There are 2 protein chains.
Amino acid sequence: MNNQKVGILGGGQLGRMMIEAASRLNLSVTILDSPTDSPAKQIESTQQHIQGAFNDPAKIRELASQVDVLTVEIEHVDADVLAELETSSKIRVCPSAFTVKTIQDKYNQKQYLESFGIPVSAYVDTPDVESVKRAGEQFGYPFMLKSKTMAYDGKGNYVVDSPQKVEAAVAALSKTPLYAEKWAPFVKELAVMVVRRANGEVRSYPVVETIHKNSICHLVIAPAQIDGAVAKKAQSIAENAIKAFTGAGIFGVEMFVMENGEILLNEIAPRPHNSGHYTIEACDTSQYENHMRAILDMSLGSTAMKVPASIMVNILGSDSDMQACYKPCQEALTVEGATIHLYGKKECRAGRKMGHITLVGESMMQVQRNLAPILQAIEPDIQRSLTLRPLVGMIMGSDSDLPVMKVGAQILKDFGIPFELSIVSAHRTPLRMVEYAKSAAERGLMAIIAGAGGAAHLPGMVAAMTPLPVIGVPVKGSSLDGVDSLYSIVQMPRGIPVATVAVNNSTNAALLAIRILGASIPGIQKQMAAYMEKMEGEVLTKVEKLDHVVSEGTF
Amino acid sequence: MNNQKVGILGGGQLGRMMIEAASRLNLSVTILDSPTDSPAKQIESTQQHIQGAFNDPAKIRELASQVDVLTVEIEHVDADVLAELETSSKIRVCPSAFTVKTIQDKYNQKQYLESFGIPVSAYVDTPDVESVKRAGEQFGYPFMLKSKTMAYDGKGNYVVDSPQKVEAAVAALSKTPLYAEKWAPFVKELAVMVVRRANGEVRSYPVVETIHKNSICHLVIAPAQIDGAVAKKAQSIAENAIKAFTGAGIFGVEMFVMENGEILLNEIAPRPHNSGHYTIEACDTSQYENHMRAILDMSLGSTAMKVPASIMVNILGSDSDMQACYKPCQEALTVEGATIHLYGKKECRAGRKMGHITLVGESMMQVQRNLAPILQAIEPDIQRSLTLRPLVGMIMGSDSDLPVMKVGAQILKDFGIPFELSIVSAHRTPLRMVEYAKSAAERGLMAIIAGAGGAAHLPGMVAAMTPLPVIGVPVKGSSLDGVDSLYSIVQMPRGIPVATVAVNNSTNAALLAIRILGASIPGIQKQMAAYMEKMEGEVLTKVEKLDHVVSEGTF
């Protein structure tokens, strides 16, 4: 497919998954890493790989002499050697030495991002103990003291919760230069993978939620179960951040969402990232394949999800033995939609990333259910409750409609369908109605139920401003016995349909919404079929009872 | 995950894709094949692989001495050696030597399947020229003369179209024993992958359609765009066939569908199969991973598709050069949902399988559209029109409803939604209605539009027998101005919803069905949004016209 030879600095799991993608495209890739049997080398035998440290200048130069493109699976490399090679040789370095150098120093990274208008939390340089104390006065306590370099998986971070802790913090992180960061009381952590070609073209993957445990990535939830507008903002910040750098390749962008919806960029990884592992099973093109395409200046692949929902869980090593890692994997073997990735690491250490499991499914409800037994094997003492984005919106013109509508809401609840319930009045809050209808599809809703009475305009007006199916419930008013509501809802002009149900019958509106979801979600269609069977059974029981009464003559 | 060591006879592309799956589970796999750089060996460097022919008894014994489980990626192996190893050593052979031996002789295979009641086309042994002539008299012309052994990709098959061709046919296939088979004028070729554990547990993948070109697999369409009842029958025949054998592993079952819906089993491959490549991107667990799980007696993975639609296209070698193979791949780089698999074969020969491309997508319409430019690069002179299974069913109580309903049908057509149109009367054809409603979901429909007038029972009765969303169109009769139809359709009892639209408004019924599809198919939702924008634009143009008329005073 492409005759350029690629060299990778580092042969860990990220290199391994790059190799998986590269082999399928028959690309030539040579790996520089110390172990002869590093995870990446285990699955690549067409090249003579180089044995040595990925930050050894001589070895990097040796690798560079054999390839056309040099890339990294870790940012803690000797960026000066990369810069030297960029100018002295014909090879391309991806991403650029400048990008690697800027990002590997987190203080520089923040300064650089800020200069491009990317929102980051407040920070200050702290060359000595005194300046750390001043940071405490400026930011208040707690604040974060951070190593500028060589930081990963929470290593190099220290929470300073009082002036008395300053000296201990500085001592603990004494090996590297430090800076202080204002505490960011985030409500969720988000991440976006962005792939960039050398010409500046970027494509971003969906926004995911990341859940950390002991500062190490634990779960990645795709798509993030958040408001669509927040997701859009996060994606745009991530894209703009990566546009600010130079060179080609994939980047992981980690962000915080604050309570008020504000988004702060936390940090960037100039390489494939743990929060993008899910893309192998869940997206059209994996982060690894898009990285290879980007560094070889080939067309980028689609970054869209090909399944409705996915969750990735990391398999970390324990101090005991390998068997502890295998327990959740054994569990995953019996779980629908679970794919196990083990990295071939021979030695197991506490906290070491040994593998990951990606679940995909027809809905986030299903994926969360399927995740439960795997999480149970990893953390038997923890009960996690993960959020679900609503799939059905139920709105009504007035709180006086609630007694009618709540019966339908209960049905949605019984079926386990995540939904939202609100008052939106066509006549009293027309602008709110416009905003609700216009944003509904982007927010992830798949159907809207609208109840209204009298001159019942809500369902039809919402339907006029969304491409989603809208179900109308005519609510009976004090006059005309509901006929006014029914006609107002059902007699829509050609072009804008409202799926109208019987007067006051919010039960049927909910069941119709569930049937609509079931049209593409087999598990929900099965639930509906079971519901119908149960209903039939209940009526047949009544038949028997009546037969009994009749035959006993007590009728 | 599993400490048993696996040995594979053969290191071609099927072995390569087995290795991909095995590496992710950290399984130990050793390959026996002649080239030192065979496709499978290229991506496995943790073992000392064996160099030699996969049918060399000494080499097979050498491999067997190093492993716990022996499996094959090709059935043309020395089954007697496998049988000997099964009894003399502790290793397990997967599938069993008996199964390989029975299947590798296609005449034996047919006899064996027939003895288990599996439908196959008529066949007869033809040990000499005379018996071939008698076969011609028995079956009529044309009939197939087939090699019993060593047949693949159409090699070993000869179409005998007249008595005069008998001797040429026998001469052409003189290297192997022969049998004759009655001509099967099939309408489609289907295939099902079935995975079997040693205890007899089987799981089958969805039924796919295969399209061959020069007797070599060209396209695989998943799921097959056929009637759900036929698919169910095919799946059951495939499962029963594999239950009849012994041993563990994955099997490819190829079948013919005749014009009358009859299904004949054509042949079985006791290994991963070209018709199952699509499972890597399109199913919860790939055929390769399930093969590894089966032979190691691990839990089988889900065989369900995780995407709505997929098509695989083979990349065959040409006599010219490698660049010809890369042309469709270059095209695929720019196609959404396309994944390229190249097998690392150094030599390119006409008809040699060099790789494949799998497309996945949100709908079969999308996948067919996306396939077009890739097919164009492979066969610029051929226009293929692939079938689409209907997604919407449109039915009406009487042909007198057609003038009203056909307006909606036109909308579906304009949007490119595959649909079916028929008359189903609740009162005059109640049993047909029951069958239609009961089979609708299984047949692949996602929504039903039912039009009826007067005592309009059709929509509600259909809704009572399907979990699908049913849209009701009240058709105005000669009295009561449509109110009778409207009330009969909309006033459904709690439990069974009908999505009712305005009287005679089949346009809105069609648009509602499209919105329902769009709830899970982003491309269709985009089409709907564009339709609504166009409608708005048209009205605004009328506004301008009227403004003009008013300002000119010609009003």
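Mentor: We begin with a definition: two strands pair if DSSP finds at least two bridges between them. Helices (H or I, at least four residues) and strands (E, at least two) are DSSP runs, numbered from the N terminus. This is a predicted model, in which local features need pLDDT of at least 70 and side-chain atom pairs count only at pLDDT 80 or more, while totals for chains, interfaces and linings use all residues. Residues are numbered from 1 along each chain as its sequence is written, chains are lettered from A and ligands numbered from 1 in the order in which they are written, and side-chain values use heavy atoms, without hydrogens and water.

Trainee: What makes S2(A) and S3(A) a pair?

Mentor: Two bridges join strand S2 (residues 28-33) of chain A to S3(A). The definition asks for at least two, so the strands pair. They run parallel, and Leu32(A) stands opposite Ile50(A) in S3(A).

Trainee: In what order do the strands of the open sheet in chain A lie, and why are S3 and S5 of chain A said to stand at the edges?

Mentor: The five strands follow the order S3-S2-S1-S4-S5 (chain A), with parallel pairing. Strand S3 (50-51) and strand S5 (92-94) of chain A each have a single partner strand, so one side of each lacks a neighbour in the sheet.

Trainee: How do you know that S19(B) and S20(B) pair, and what handedness has the unit they make with H13(B)?

Mentor: Five bridges join strand S19 (residues 392-396) to strand S20 (residues 419-423) of chain B, and the two run parallel. In S20(B), Ser422(B) is the bridge partner of Ile395(B). With helix H13 (residues 402-414) of chain B, these strands make a right-handed β-α-β unit. Right-handed means that, with the strands pointing away from the viewer, the path from the first strand over the helix to the second runs clockwise.

Trainee: Why is the meeting of Arg24(A) and Glu289(A) called a salt bridge?

Mentor: The term requires a side-chain nitrogen of Lys or Arg within 4 Å of a carboxyl oxygen of Asp or Glu. Here the N to O distance is 3.6 Å, so the pair qualifies. The pair links distant parts of the chain, helix H1 and helix H10 (residues 287-295) of chain A, 265 residues apart.

Trainee: How many residues of chains A and B are in contact?

Mentor: With contact meaning heavy atoms within 4.5 Å, 81 residues of chain A are in contact with 81 residues of chain B. Across this interface the rule finds zero salt bridges.
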